[in-house]
Amino acid sequence: MEEATGKKLHPTYSYYRVYRNGHVLKPHTDRPSCEISATVCFEYEYFTDGYEWPIKMGDSSIVMKPGDAVVYRGCDLEHSRDEMDAGPNAFHVQAFLHYVDPDGPYADYKYDRRPGLALPPPTQEPPKQKRHNNYRVSSNPVRASSLSPAAK
């Protein structure tokens, strides 16, 4: 990202989203943690021939293929997607990577104002995880061969 933007950057947060048929990305600008962002197309499956689902950025519509990325100023540029209408079971997987300029107005949003990325600070012990027993053992297991074809 630093090479693409020509700026030194601090990461804030990232995530991915699986869009499904009928989903919409309403027109919006982003919060300060998204001063400089990249959206990356991971994969999609459309079930309507010739279908494209562009992301709209300002006055432009950009059709992304898997592996494509668009770098943009999320706080300044309104972006959206129309309702996905690509047939039942259609999906589109997109990642979002967000950064701030350490010399810019949102520099204090480094790590999205957390002490670090994905890890607790070194002076803090990680929270204890309670293990849940989410399984049970049957005393009368059913063998697949004993099931009727309809029950398999």
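## Strands β4 and β5

Strand β4 (residues 55-57) pairs with β5 in the antiparallel sense over 3 bridges; two strands count as paired if DSSP finds at least two bridges between them. Strands here are DSSP runs (E, at least two residues), numbered from the N terminus. The bridge partner of Met57 in β5 is Ser60.

This is a predicted model, in which local features need pLDDT of at least 70, side-chain atom pairs count only at pLDDT 80 or more, and totals for chains, interfaces and linings use all residues. Residues are numbered from 1 along each chain as its sequence is written, and side-chain values use heavy atoms, without hydrogens and water.

## The open sheet

β4 and β5 belong to an open sheet of 4 strands, ordered β2-β7-β4-β5 with antiparallel pairing. Its edge strands, β2 (25-28) and β5 (60-62), each pair on one side only.

Strand β3 (residues 36-45) is largely enclosed by the rest of the structure, because 7 of its 10 residues are buried (under 20% relative accessible area, 1.4 Å probe, protein chains only).

β3 runs antiparallel to strand β8 (residues 91-100), joined by 9 bridges; within this pairing, Cys41 has Gln94 as its bridge partner in β8. β3 also pairs with strand β6 (residues 69-72), in the antiparallel sense over 4 bridges. Thr39 has Val70 in β6 as its bridge partner.

## Tyr16

Tyr16 is found in strand β1 (residues 10-20). Tyr16 is exposed, with a relative accessible area of 56%, exposed being over 50%.
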